[in-house]
Amino acid sequence: MALSRITQDCDQWIKPSSSTQTSLTPSYTHAVDAVPDLIEHIHKTTARLLLHINGYVDRITNAKWEVIDLGLEHNGYVDLLLGEFKHYKTRLTHGGIRKELQDLLSEYGIEIIAETLVEGLSRVKRCTDQGRALMSLDLQVLINGLQHIVPVNVKPKFHIVETFIKEYTKYQIIGLVNLVATMKGWKRKTRLETIERIE
């Protein structure tokens, strides 16, 4: 309820009447120009507070990624994330929030989950090729699950996660550096310094 009221007040501040528009001071105009950014910040912060996924970065990082055989099962954190998002949607639905604001907060919630995935996956120290395939499986199960909860297409929000999973491994990058170093005739010291920065 309070969030809806803040949004309404901010919308009124953004649209001054034509009679007051001519007498606005530059500092007031600057403050009014900042209102959309403030609204967005408030909405994203609200989404972070209502979506209880603290600790999921560690759950994702600590999942077993050094798998030898890829099975048909995804990691358990996926089901837990989906459950948390369902609770989040319930809080939004029963929180007295306008439908359009609920949709916006749902979108921000999905973005937060995508950021959490990237953060967790980026901290993984060891991963096999099958582990990367498991990351993709987890992502697809998560996308499909979220698609049943929200009416919008969630796949574009997870493009950054897909890209991250498909990126080159450290060993592939080092191999490319060695190849370029050989082709360009780099000195051994330059090649080793470059590889050291990567590691």
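**Exercise 1. Find the volume of the second largest pocket, and determine which residues and helices line it.**

Solution. The second largest pocket of this predicted model holds about 200 Å³ of space, where a volume is the space filled by probe spheres set on grid points that are joined across faces, edges and corners. On a 1 Å grid over the protein atoms alone, a pocket is an open set of points where a 1.4 Å probe fits, with protein on both sides within 12 Å along at least five of seven lines, and lining residues have an atom within 4 Å of a point. The lining consists of Arg 48, Leu 49, Leu 51, His 52, Ile 53, Asn 54, Gly 55, Tyr 56, Val 57, Ile 112, Glu 115 and Thr 116. The most comes from H6, with three residues. By class, the lining has six nonpolar, four polar and two charged residues; Ala, Val, Leu, Ile, Met, Phe, Trp, Tyr, Cys and Pro count as nonpolar, Asp, Glu, Lys and Arg as charged, and the others, Gly among them, as polar.

Residues are numbered from 1 along each chain as its sequence is written. Local features need pLDDT of at least 70 and side-chain atom pairs count only at pLDDT 80 or more, whereas totals for chains, interfaces and linings use all residues, and side-chain values use heavy atoms, with hydrogens and water left out.

**Exercise 2. Describe how H5 packs with H6.**

Solution. H5 (residues 76-93) and H6 (residues 99-122) have axes 10 Å apart and an angle of about 160°, axes being lines fitted to C-alpha atoms over the stretch in contact, with angles from 0 to 180 degrees between N-to-C directions. This makes H5 roughly antiparallel to H6, a term for angles over 145 degrees. At the contact (heavy atoms within 4.5 Å), residues of H5 including Tyr 77, Leu 81 and Phe 85 meet residues of H6, among them Leu 105, Gly 109 and Ile 113. The residues of this contact comprise nine nonpolar, four polar and one charged.

**Exercise 3. Determine how H5 is oriented relative to H7, and which residues meet.**

Solution. The axes of H5 and H7 (residues 129-147) come within 10 Å and cross at roughly 20°, so the two helices are roughly parallel, the term for angles under 35 degrees. From H5, Tyr 77, Val 78, Leu 81, Leu 82 and Phe 85 meet Asp 138, Val 141, Leu 142, Gly 145 and Leu 146 of H7. This contact has eight nonpolar, one polar and one charged residues.

**Exercise 4. Work out the packing of H6 with H8.**

Solution. H6 and H8 (residues 159-166) pack at about 15°, with axes 9 Å apart, and are therefore roughly parallel. Ala 114, Leu 117, Val 118, Leu 121 and Ser 122 in H6 meet Ile 160, Val 161, Phe 164 and Ile 165 in H8. Eight residues of this contact are nonpolar, one is polar and none is charged.

Technical notes
Helix = DSSP H or I, 4+ residues; strand = E, 2+ residues; numbered from the N terminus. Parallel < 35°, antiparallel > 145°, perpendicular 65-115°, else oblique.
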